[in-house]
Structures are given as C-alpha cells and as structure tokens.
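Student: Hi! Could we go through this one together? I'd like to begin with the ligand.

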Amino acid sequence: MKEAKYIWKDGKLIPWAEATTHILSHTLHYGNAVFEGTRAYMTKKGLAIFRLKEHTKRLLDSAKIVCIKSPFTQDELEKAQVELLKANKDEYKGNVYIRPIIYLGYGVMGLNHINAPVNVAIAAWEWGAYLGEEGLNNGIKVKTSSFVRNPTKSFMGKAKAAANYLNSQMAKHEALACGCDEALLLDDNGFVAEGSGECFFIVRNGKLITPPYDNTLESITQATTIEIAKDMGLSVEQRRITRDEVYIADEAFFTGTAAEITPVRELDARVIGNGKAGDLTKKLQQAYFDVVNGENPKYSHYLTYID
Ligand SMILES: Cc1ncc(COP(=O)(O)O)c(C=O)c1O
C-alpha cells in the first residue's frame with residue numbers, strides 16, 4: 001500500500017502512522033462497521049472525486065441500517081474527504097482510492113453495541129487497477145463460488161457493512177486458490193447475484209443484462225454503466241441470470257468502483273464469446289473512463305474537483 005501523509009479521524013487530520021485503534025475496539029470483535037470505497041481520478045484539471053455525494057449517502061444509509069449513529073452529517077463527511085485529499089495532494093501522482101469507515105471504538109464489550117463510542121476515519125491512497133492492468137485490458141478468469149451470496153433473510157445487503165464481507169472474502173480466497181481471478185456468487189435461489197466486490201453484466205445479441213438489486217449492493221458503478229449504456233443507445237435489461245446463461249453469453253464484465261469495468265473472459269472453464277474483452281465491453285469501458293476522467297461534459301456534475 002502506498003501510504004499518504006494524513007488520515008482524517010474524528011474531525012482532525014493526523015499523521016498516517018498515528019491512525020491506530022485500541023485492541024478492545026467493539027468493531028474488531030463483533031464486526032459492526034460500515035465503509036465506502038470511492039475513487040478520485042487524476043483528470044486534466046487535477047484530482048476529482050467521482051460521485052462523492054452518492055458514496056457518502058450510501059455510507060450514512062449503511063450506518064442507519066446497522067444502527068450506528070454517525071456523529072457527522074453528509075455535508076461534514078463530504079467536506080472531510082475533500083479536506084483530506086487537499087492535505088495529501090502532493091503525495092498523489094495517480095488515481096486515488098478513498099476509504100471512509102464508521103466503526104465502534106473502545107469502551108463497551110458484549111454484543112449490545114448501542115452504547116459503544118462511534119469513530120469515523122477516512123484514509124485515501126494511490127491505487128491502480130483492482131483486478132490488474134492485464135485483467136482490465138484482456139479480461140479475467142472467474143469461478144462460480146461455492147459460497148452463496150449472503151441471503152437477504154439473514155443479512156442486510158444494502159449496507160456496505162464490514163460483517164457482510166466475510167462472505168466475499170471467502171469467495172475471493174476460494175477463487176484465487178483455484179487459479180481464477182475473481183468469484184461469481186449466486187443467490188440462495190441459484191441465480192447470479194454479484195462478484196465478491198463487483199456487480200455483473202452479460203451481453204446477449206447486443207443487449208446488456210444485469211441482475212436486479214435484490215441480492216447485490218446498490219452499486220454506483222452499475223448505475224453509471226446503465227446510464228452510459230442508455231446514452232449510447234443500448235438496451236439494458238435488469239433481470240435474473242442463470243450461470244449457464246453466462247456460459248453462452250457473447251460478453252461478460254464486472255463493474256465496481258475498485259474494479260471499474262473489467263471484462264470477464266472465462267467462467268468455470270467455459271470461454272465467454274471469443275475469450276477476449278468483448279467489443280461492447282471495451283466501448284463501455286472507454287466511455288466509463290471518459291466520464292470518470294472528466295472527458296465527457298455531460299457527466300461533469302459527478303466530479304468534485306480538489307483545488
Ligand atoms: C459486494 C459488492 N457488490 C458490488 C460493488 C460495486 O459497488 P460500487 O459500484 O458502488 O462500487 C461492491 C463495491 O463496493 C461490492 O463490495
């Protein structure tokens with residue numbers, strides 16, 4: 001990890017190395033915390049955060065779902081992220097990943113979390129392609145996970161909650177251990193849900209198909225991709241997909257803040273399409289990069305520039 005100079009913690013900028021927490025922090029034991037993953041792109045006009053408002057809103061929505069009272073408002077948290085990036089500006093030479101987290105600190109033990117102190121921290125560091133440059137260009141190899149995506153009867157998947165990610169972590173580990181790059185998780189009815197940290201799309205006969213939100217995080221990149229695709233005149237269908245439909249798809253790709261638009265070239269040893277990044281996937285990927293890099297004025301309202 002490429003360290004930066006400061007981390008924002010509970011309203012103050014502190015040196016990176018001093019952003020530590022007590023071993024008896026409630027979250028460390030019982031897993032209740034919510035976080036975000038947001039990117040800032042090094043555009044021609046300088047660093048710009050992509051969809052800061054939406055990510056910050058989802059952070060606060062996540063906190064509401066898991067009954068954590070944020071001590072900071074939407075406006076304060078947006079300003080804090082801008083302040084942090086400004087303070088670290090000279091450290092960043094490329095794109096940046098921002099990780100705000102609302103967690104439960106030191107002072108209370110036992111499962112009841114309501115009286116635990118709430119802490120908020122924001123870190124931001126330079127980070128390249130999550131699934132690798134090679135994957136971004138030529139596609140990745142994916143395995144259908146043996147882990148079912150956290151079912152909605154037991155988990156609250158609209159929250160980007162730390163505890164939800166044990167499922168993702170195990171699925172990711174299994175995929176890597178089996179020689180793949182990423183996992184595709186099915187829901188408890190056997191339909192495609194999402195990747196370990198991404199949403200999923202296929203292309204069939206020129207049409208984009210992506211699962212409904214029932215068993216996915218409400219993804220900001222998925223929404224952006226749908227918006228871009230519609231702008232390009234493509235038709236987009238949000239409906240259930242089976243794993244065998246993926247095998248016979250013309251193209252497939254993952255979307256996510258970290259993963260951006262990453263083509264999928266293989267699922268469970270079945271080659272998707274021609275086994276390369278699909279033509280439509282490439283077009284959408286280019287359009288997405290234009291949007292996040294401030295090259296498409298129609299989407300400039302999604303960017304918060306750091307001056
Ligand atoms: C489980 C999961 N699904 C989907 C996504 C994609 O969401 P977004 O596009 O908002 O980053 C993520 C990443 O945050 C994720 O962790």
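Tutor: Happy to! In this predicted model, a nitrogen atom of the ligand is 2.6 Å from an N or O atom in the side chain of Glu194.

Student: And how far is an oxygen atom of the ligand from an N or O atom in the side chain of Thr221?

Tutor: That distance is 2.5 Å. For the side chain of Thr257, an N or O atom is 2.6 Å from an oxygen atom of the ligand.

Student: How much of the ligand does the protein bury?

Tutor: The protein buries 94% of the 380 Å² that the ligand exposes when taken alone.

Student: Nice. Which residues are closest to the ligand?

Tutor: There are 14 residues around the ligand, and the closest are Tyr165, Glu194, Ser219, Thr221 and Thr257.

Student: Switching to helices: at what angle do the axes of H6 and H8 cross?

Tutor: Roughly 110°, with the axes coming within 10 Å. H6 covers residues 220-231 and H8 covers residues 279-292. Angles of 65 to 115 degrees count as roughly perpendicular, so H6 is roughly perpendicular to H8.

Student: Which residues make that contact?

Tutor: H6 brings Thr221, Thr224, Thr225, Ile228 and Ala229, while H8 brings Leu284, Ala287, Tyr288 and Val291. Thr221 is also among the residues closest to the ligand.

Student: How many residues in the contact of H6 with H8 are nonpolar, polar or charged?

Tutor: Six are nonpolar, three are polar and none is charged.

Conventions
Residues are numbered from 1 along each chain as its sequence is written. This is a predicted model: local features need pLDDT of at least 70, side-chain atom pairs count only at pLDDT 80 or more; totals for chains, interfaces and linings use all residues. Side-chain values use heavy atoms; hydrogens and water are left out. Axes are lines fitted to C-alpha atoms, for helices over the stretch in contact, and angles run from 0 to 180 degrees between N-to-C directions. Helices (H or I, at least four residues) and strands (E, at least two) are DSSP runs, numbered from the N terminus. Angles under 35 degrees count as roughly parallel, over 145 as roughly antiparallel, 65 to 115 as roughly perpendicular and the rest as oblique. Contact means heavy atoms within 4.5 Å. Ala, Val, Leu, Ile, Met, Phe, Trp, Tyr, Cys and Pro count as nonpolar, Asp, Glu, Lys and Arg as charged, and the others, Gly among them, as polar. A residue is near a molecule or strand if one of its heavy atoms lies within 4 Å of it. A polar contact is a pair of N or O atoms within 3.5 Å; within protein, one must be able to donate a hydrogen and the other to accept it, and residues adjacent in sequence count only if both atoms are side-chain atoms. Accessible areas come from the Shrake-Rupley method with a 1.4 Å probe; for residues, only the protein chains shown count as cover.
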